[in-house]
Amino acid sequence: MDEKIRTSILFAMVFVILHFALNYSPVDLILACFLVYYLYFIFSPEYYNKWYNGILCGILCGLAYLTKSYIFPFFIAHFILFNLFHYLKEVQHRRAVLKNLLLGLTVFFIISGAWSLIISEKYGEVTFGTSGTYNHNVEGPESVGHPTEYVNEGFIKPPYENVTSAWEDPTYLNVKSWSPFQSWSYFNYQITKIKYNISILKGIYQSFSYFALIIILIYVLLCIKPIKNQISTQIPIETALYPVITVLIYSAGYLSIVLEPRYLWIVYILLMLMGGYLLNLLFKHEFFTKKFNKIAKPILTIVLIGSFLIMPISGLISFHYVGVDGGHVGKEYYIWSETIESQYSVHGNIASNGNAEDGAYRRTLHTSYFLGTSYYGFSKPNETDTDLQADFNKYNIDYYFVWGKSSNEALLSKYKEVSGGKVSNLRIYAVKENS
């Protein structure tokens, strides 16, 4: 790339990384960092030239796998395919390519195998990760959503002592398993799900940049030899093939389950680099240099870079201004916990009324995190006083959070309300004698 375009891309990347780091789980950002370095080595035209390149690829994706189990199938498919590309391209260095392939897979399987062995022993079944299975099942044809959000589920005990909630390990949540090959209707459901996720994927791409789909399309066209030759015979085929194949493979892995923007951070980074490369290519083309004056270059650069900045900057603005008194996102939960703690030492196990739809679940869950308590979720709708009391005893609940009105006011009137009305629309009852 031209140095000015490269600098512009790096400038935009600052805001993208800040948006990732401040608004989402840092795990996804760490994963993207490992993959950036992995792609640096596997994309290299001289990948075969150093015997340790395969080892570095195995280490980097082994570490990436420790952040997200999705990397296990992705690395195997991507690494083998790209070694095949190198093998076909480097006829005189095929032995070196095969050596890197074997070394990379060996190192990766040592790292991933160690962790897979540990979690397989823990869960009593052979597995390289449970999150994919859980997400697949929770998106099944007979699923009504996450068990923690089921209206009729009632209290759910966290899987371990002294953790915030059942979300500490969703593997233990009761979700019905299914397979698209169980029946023809299930197979049709899976196909429909994939079609739906393709439309979601296109929306995610465009939310990052209005030019994202155009960039991908142009790269696909650059892989077609007659079209590539019309533009420039100087462009190596792998320059277009490697990034677009990576974008498509990485995205396709999520189509059968569920898609969220945070899953595709490495794709965002690739799209920025791909867009910068196309801009660089355009500026060097004979047609552009003859037809357009120098002012067109900065204008086009600003337009492209600006398209990449809309999402992260709007996200950073929301992070700063949404919340209590113009505070950061989630700051209200911390403020509530501080207010509650100053009034009364809330501890142990807590539960609440309300549900996921009216926001009571999220409010109590996040407040519980800052209080250092364990949240057992919300009670069943229209639960009788007798049944609610039985649940308090069964789950050893110390405090019951009531948002707004409760259908169990008669039962709750027997207990001490400890929040003193310091948090709007919230009452907290000590429902255990020693609380």
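**Figure 1. Packing of helix α4 against helix α5 in the predicted model.** Helices α4 and α5 are roughly antiparallel to each other, because the angle between them is about 170° and angles over 145 degrees count as roughly antiparallel. Helix α4 covers residues 71-89 and helix α5 covers residues 94-123, and their axes lie 9 Å apart. From α4, the contact draws on I71, F72, F75, I76, F79, I80, N83, H86, Y87 and L88. The α5 side consists of R94, V97, L98, N100, L101, G104, L105, F108, F109 and S112. Sorted by class, this contact has 14 nonpolar, five polar and one charged residues.

**Figure 2. Crossing of helix α1 and helix α11.** Residues 3-23 form α1 and residues 265-284 form α11; the two axes come within 10 Å and cross at roughly 165°. The pair is therefore roughly antiparallel, and the crossing is right-handed. On the α1 side the contact residues are I5, I9, A12, M13, V16 and F20. They meet W265, Y268, I269, M272, L273, G276, L279, N280 and F283 of α11. The contact of α1 with α11 divides into 13 nonpolar, two polar and no charged residues.

Figure 3. A12 counts as buried because its relative accessibility is 0%, and the cut-off for buried is under 20%. Leaving aside neighbours within four places in sequence, A12 is in contact with M272, I305 and L309. M272 is 260 residues away from A12 along the chain, yet the C-alpha atoms of these two residues are separated by 8.7 Å. M272 is also among the α11 residues in the contact with α1.

**Figure 4. Strand β5 and its pairing with β3 and β4.** Strand β5 (residues 426-430) is largely enclosed by the rest of the structure, because four of its five residues are buried. Five bridges pair β5 with strand β3 (residues 399-403) in the antiparallel sense. Strand β4 (residues 416-417) also runs antiparallel to β5 and is joined to β5 by two bridges. A430 in β5 is the bridge partner of Y399, and A430 is likewise the bridge partner of K416.

**Figure 5. Strand β2 and its pairing with strand β1.** In β2 (residues 374-378), five of the five residues are buried, and the strand is mostly covered. Strand β1 (residues 349-352) pairs with β2 in the parallel sense over three bridges.

**Figure 6. Buried residues of helix α6.** Helix α6 spans residues 131-138, and Y134, H136, N137 and V138 are buried in this helix. The buried residues of α6 pack against α7 (184-208).

**Figure 7. N162 and N396, two loop residues with positive phi.** N162 lies in the loop between α6 and α7. Although N162 is not a glycine, its phi is positive, at about 60°. N162 is exposed, because its relative accessible area is 76% and the cut-off for exposed is over 50%. N396 is placed in the loop between α16 (385-394) and β3. The phi of N396, also a residue other than glycine, is positive and near 55°. With a relative accessibility of 39%, N396 counts as partly exposed.

Definitions and conventions:
Residues numbered from 1 in each chain as written. Predicted model: local features only at pLDDT ≥ 70, side-chain atom pairs only at ≥ 80, totals over all residues. Heavy atoms only, no water. Axes fitted to C-alpha atoms, helices over the stretch in contact; angles between N-to-C directions. Parallel < 35°, antiparallel > 145°, perpendicular 65-115°, else oblique. Contact = heavy atoms within 4.5 Å. Nonpolar A, V, L, I, M, F, W, Y, C, P; charged D, E, K, R; others polar. Buried < 20%, exposed > 50% of the residue type's maximum accessible area, 1.4 Å probe, protein only. Pairing = 2+ DSSP bridges. Left-handed = near helix turned anticlockwise from the far one by under 90°.
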